[in-house]
Amino acid sequence: MENIKIQRDMQWRVDLRNAMKAKERTEIERVHMPELAPEIRCRNSEEVNRGLTAEQAIREAQRCLDCAKPTCMEGCPVGINIPDFVKNIERGEFLEAARVLQQSSALPAVCGRVCPQEKQCEAQCIHLKMKKEAVAIGYLERFAADFAIQYAGKQVDASKNNLPTNNLPTFKQKIAVAGSGPAGLSFAGEMTRLGYEVTVFEALHEIGGVLKYGIPVFRLPNEIVDFEIENLRKNGVKFITDCIVGKTISLEDLKNQGFAAMFVGSGAGLPRFMNIKGENLNGVMSSNEYLTRVNLMDAANSAADTPVIIGKNVAIIGGGNTAMDSVRTAKRLGAEHAMIVYRRSEEEMPARIEEIKHAKEEGIEFLNLRNPIEYIGDENGRVRQMILQVMELGEPDESGRRSPVEVKGQTEIIDVDEVIVSVGVSPNPLIPNSIQGLYTTKWGTVVVDENTLQTAIPMIFAGGDIVRGGATVILAMGDGRRAAIAMDKWLKG
């Protein structure tokens, strides 16, 4: 926090504060994100949110009061110096704003798009206490990160671009990372900044983990993920694909190759089902398989090796962001009737408000307070109908949400030819099962120290979904950065 105080005492910040009174700042209306029109975007894979203009970004940055105690930072899992990067945008220093982001975040352009800021940093904004809308921190993060990407793309000499290079002393210790999702990438970025030689092992043929296979390009374009990965590669991170830690390469192999420690960020790729009648019918699959095949294997192409079913009446079971990604993908692939089936009300949906809004604009039907109890197939074993149990809300459960209970005797039959089940995932058991001495919970998550994220095997740290069971991108990134700092201290004794 001392560094923040020093920044706050700089003359340019004083000048900014004096240029506009606090009352004037609070009276500025929050910016609205420009979006591609629903009737256009539901027929293609273009990114829906178009990004702010420089004028919009500066105006939104002026809403920031540069609080003496920036509570917004308390809501950021990776500890971004939010007032610093926002105020740099206000004064037009967009590259400097991007540099501030890169000091804490390995994936700022990604986080600016998919991080649930409304539940994190923006939820702590002082504007909310004044009954005003929070500063659009997420939009501003995306703006600064995208500006840096555009600037870098215009540089003939890559050494002159804005990307930070690792000028810290290298300790020559080799560190392994299992998984190239947000936790693994965040960990790798932090460890290279600390001077270590980092190698990331990815089981699939592309780097990025859930950022590539789980999030559609209309929400997170591949070129954005690729740029962030290339940034890490330029800073020294090595990537090895098609390599499964625990199968292709063992912990003993890594030790023999000189790796001093390992971070496990292998995610939660094991889909859950509801164990109801008819789940084994053709046309019923998990959202994990569906999105992976579409996003990573071009399965929507009929000439693909493993083409996916293109349904006309498609039901997605669940109410999270993955469910929204799945149903909006189905719409873009040609579904005439795409619907969300969720056992609670819309108010209880865990999906981001923005994702629900976009889905509704694109013509997605919401069947709330409904729960499937059986799928009915045709003579060829393909799903053709589903039976839904009508639900109502009862008392709150352990999470504070009201529990859904059946309305006795009330069911509905809906025609479907494709069902995507999106009711959660479990951690991948491969690494815990292949390394003797790693402890797991009854849910299959790896047991770690809450503060350091160190496992029962001292040289192994873990974070993200493999520990949490299910997490947002930013929480996984926070784990990666926290584990890197703790591992650095452990390696140095």
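Me: Which residues do ring pairs link into a cluster?
Reply: Phe94, Phe143 and Phe147 are linked into a cluster by ring pairs. Bear in mind that this is a predicted model.

Me: How many aromatic pairs does the structure hold?
Reply: There are six aromatic pairs in the structure. In one of them, the ring centres of Phe143 and Phe147 are 6.4 Å apart and the planes are at 35 degrees, so the pair is tilted.

Me: Why tilted and not stacked?
Reply: Because stacked needs planes under 30 degrees apart and edge-to-face needs over 60. The planes of Phe143 and Phe147 are at 35 degrees, so the pair counts as tilted.

Me: Where do Phe143 and Phe147 lie?
Reply: Both are in helix 9 (residues 137-154), four residues apart, which is about one turn of the helix. An α-helix has 3.6 residues a turn, so residues three or four places apart point the same way.

Me: Phe143 first: buried or exposed?
Reply: Phe143 is buried, at 8% relative accessibility. Phe147 has a relative accessible area of 28% and is partly exposed.

Me: Staying with rings, which ones have a lysine charge over them?
Reply: The charged end of Lys174 sits over the ring of Phe259, at 4.6 Å from the ring centre. Likewise, the charged end of Lys360 sits over the ring of Phe366, at 5.7 Å from the centre.

Me: Switching to the largest nonpolar core. Which residues touch the most other members?
Reply: Ile82, Phe85 and Ile89 do, in a core of 95 residues. Helix 19 (residues 473-491) gives the largest share of this core, with nine residues. Apart from it there is another core of 23 residues, including Leu291, Ala351, Ile356 and Ile420.

Me: What is Ile82 in contact with?
Reply: Leaving aside neighbours within four places in sequence, Ile82 is in contact with Cys72, Met73, Cys76, Cys121 and Ile137. As background, nonpolar side chains tend to be buried together in soluble globular proteins.

Me: Which strands pair with strand 13?
Reply: Strand 6 pairs with strand 13 in the parallel sense over three bridges. Strand 7 also pairs with strand 13 in the parallel sense, over four bridges.

Me: Which residues stand opposite each other there?
Reply: Ser286 stands opposite Val421 of strand 13. Glu418 in strand 13 is the bridge partner of Val314.

Me: And what else does strand 7 pair with?
Reply: Strand 8 (residues 337-342), in the parallel sense and over five bridges. There, Ile317 has Val341 in strand 8 as its bridge partner. Strand 7 is mostly covered, with four of its five residues buried.

Me: Where does Asp298 lie?
Reply: Asp298 is in the loop between helix 14 (287-297) and strand 7 (313-317). Its phi is near 55 degrees, a positive value in a residue other than glycine. Most residues other than glycine have a negative phi. At 45% relative accessibility, Asp298 counts as partly exposed.

Me: What about phi of Asn275?
Reply: Phi of Asn275 is near 55 degrees, again positive in a residue other than glycine. Asn275 lies in the loop between strand 5 (270-271) and strand 6 (284-286). With a relative accessible area of 74%, Asn275 is exposed.

Me: Now helix 10. How many residues are buried?
Reply: Eleven of its twelve residues are buried, so helix 10 is largely enclosed by the rest of the structure. Among the buried ones are Phe187, Glu190 and Met191.

Me: What span does helix 10 reach?
Reply: Helix 10 (residues 182-193) reaches 17 Å from its first C-alpha to its last, close to the 16 Å expected at 1.5 Å a residue. Gly195 follows helix 10 and has a positive phi, near 100 degrees.

Me: Last one: what does Leu65 touch?
Reply: Not counting residues up to four places away in sequence, Leu65 touches Ala22, Arg25, Thr26, Ile126, His127 and Met130. Leu65 lies in the loop between helix 5 (54-61) and helix 6 (82-90). Leu65 and Pro83 are 18 residues apart in sequence and 8.5 Å apart in space, C-alpha to C-alpha.

Key:
Residues are numbered from 1 along each chain as its sequence is written. This is a predicted model: local features need pLDDT of at least 70, side-chain atom pairs count only at pLDDT 80 or more; totals for chains, interfaces and linings use all residues. Side-chain values use heavy atoms; hydrogens and water are left out. Helices (H or I, at least four residues) and strands (E, at least two) are DSSP runs, numbered from the N terminus. Buried means under 20% relative accessible area, exposed over 50%, partly exposed in between (1.4 Å probe, protein chains only). A nonpolar core is a set of buried Ala, Val, Leu, Ile, Met, Phe, Trp, Tyr and Cys residues joined through side-chain atoms within 4.5 Å. Contact means heavy atoms within 4.5 Å. Rings of Phe, Tyr and Trp (its six-membered ring) pair if their centres lie within 6.5 Å; planes under 30 degrees apart count as stacked, over 60 as edge-to-face and the rest as tilted. A charge sits over a ring if NZ of Lys or CZ of Arg is within 6 Å of the ring centre and within 35 degrees of the ring normal. Two strands pair if DSSP finds at least two bridges between them. The expected span of a helix is 1.5 Å times one less than its number of residues.
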